[in-house]
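Thanks for making time this morning.

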Amino acid sequence: MRIVVQCFIFDVSVGGNAMAGKPSIVFAHGLWADGSCFNKLIPTLQAEGHEVFASQHGLDSLESDVACVNFTLNHVPGPIVLVGHSYGGTLITKAGTHDRVGALVYIAALAPDEDETSQEQLDKFPRTPIFEHVDVADGRVWLKSSGAPHFCGDLPEAEQKLVLATGAVPVADLFNQQVPGTAWRTKPSWFIVANDDRTVPPDLERSAAERMGAHIRPVDSSHVPMLSHPDFVLGVIREAAESLDA
């Protein structure tokens with residue numbers, strides 16, 4: 001009897017990018033979203049030679065979400081441009097202290113300081129319309145279909161429905177949780193301010209960007225410029241990546 005044994009060897013070391021010198025890109029999504037919210041950006045960045053990953057965190061706790069971003073950062077070679085949308089801005093603020101992260105890009109995002117929670121940062125500004133269109137059930141905060149125009153109203157109706165169908169649902173106290181880390185104090189940052197945002201106040205975005213000394217890039221967009229203005233967002237990510245190439 002002849003026995004054939006096949007041995008598969010996996011190289012788990014972190015190597016270089018597909019095209020030498022290209023920074024990696026890691027995305028962190030926010031509430032009522034998952035990694036697919038970056039699907040208009042990822043193929044282009046991959047085609048340009050970047051290694052790209054989107055953290056798929058469950059919005060179960062701030063600690064577990066930051067841990068998820070961190071093990072994604074562990075997986076890709078540096079330097080890394082870390083990109084966060086909405087609550088993802090809180091995540092990149094915490095996880096961005098990782099030594100492989102060279103630059104931060106905030107998209108219509110929160111960016112709390114070390115001594116404030118996401119909710120405390122929000123509470124400094126007038127309440128936006130989105131919060132009149134949520135349900136709390138099973139300890140989770142669900143976005144109603146009536147909230148879509150306030151979240152992603154500059155998308156076609158079919159895309160708005162897709163956003164609602166694919167969004168992860170946060171635990172109710174997520175914005176009141178805290179973990180250490182304020183990466184924007186030490187890492188160069190870019191901030192896309194969504195001028196027509198009805199979820200995170202545009203004034204909060206501008207204030208946060210000014211506080212961190214970010215490169216401010218405004219756009220007339222709803223809360224989801226990566227979906228409604230992907231070329232603009234790609235331009236800002238390229239700008240951050242080029243700063244690391246330099």
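Buried, here and throughout, means under 20% relative accessible area, while exposed means over 50% and partly exposed lies in between, with a 1.4 Å probe and protein chains only. Please keep in mind that this is a predicted model, in which local features need pLDDT of at least 70 and side-chain atom pairs count only at pLDDT 80 or more, whereas totals for chains, interfaces and linings use all residues. Residues are numbered from 1 along each chain as its sequence is written, and side-chain values use heavy atoms, with hydrogens and water left out.

Taking Phe27 from that list, and leaving aside neighbours within four places in sequence, its contacts (heavy atoms within 4.5 Å) are Phe38, Leu41, Ile42, Leu45, Val52, Phe53, Ala54, Ser55, Val83 and Ile237.

Now to the sheet. Helices (H or I, at least four residues) and strands (E, at least two) are DSSP runs numbered from the N terminus, and two strands pair if DSSP finds at least two bridges between them. On that basis 6 strands form an open sheet with parallel pairing, in the order E2-E1-E3-E4-E7-E8. Its edge strands, each pairing on one side only, are E2 and strand E8, residues 215–219. Direction ignored, neighbouring strands of this sheet are turned by 20 degrees against each other on average; axes are lines fitted to C-alpha atoms, for helices over the stretch in contact, and angles run from 0 to 180 degrees between N-to-C directions. Helix H7 (residues 202–212) packs on the sheet, where it touches E4, E7 and E8, and its direction makes about 165 degrees with that of E7.

What does strand E7 look like in terms of burial? Of its 6 residues, 6 are buried, with Ser189, Phe191 and Val193 pointing one way and Trp190, Ile192 and Ala194 the other. With E8, strand E7 (residues 189–194) pairs in the parallel sense over 5 bridges, and Ala194 stands opposite Val219 in E8. With E4, the pairing is again parallel, over 4 bridges, and here Val105 stands opposite Trp190 in E7.

Among the residues of H2, Leu62, Asp65, Val66, Cys68, Val69, Thr72 and Leu73 are buried. These cover an arc of only 155 degrees around the axis, which puts them on the same side of H2, the arc being that of the directions from the helix axis to the C-beta atoms. On the other side, Glu63 and Phe71 are exposed. The cover over the buried residues of H2 includes strands E1 (24–28), E2 (52–55), E3 (80–85) and E4 (101–107), together with helix H3 (88–95).

Helix H9 (residues 230–245) has 16 residues and reaches 22 Å from its first C-alpha to its last, close to the 22 Å expected. In H9, Pro230, Val233, Leu234, Val236, Ile237, Ala240 and Ala241 are buried, and seen down the axis they fall within an arc of 160 degrees, so they line one face of the helix.

Finally, the backbone details. Most residues other than glycine have a negative phi, and most peptide bonds are trans. Against that background, a cis peptide bond joins Gly78 and Pro79, with omega about 0 degrees, and Pro79 has its place in the loop between H2 and E3. Leu59, in the loop between E2 and H2, has a positive phi near 60 degrees and counts as buried at 0% relative accessibility. Ser86, in the loop between E3 and H3, also has a positive phi near 60 degrees, and its relative accessible area of 7% makes Ser86 buried.

Conventions
The expected span of a helix is 1.5 Å times one less than its number of residues.
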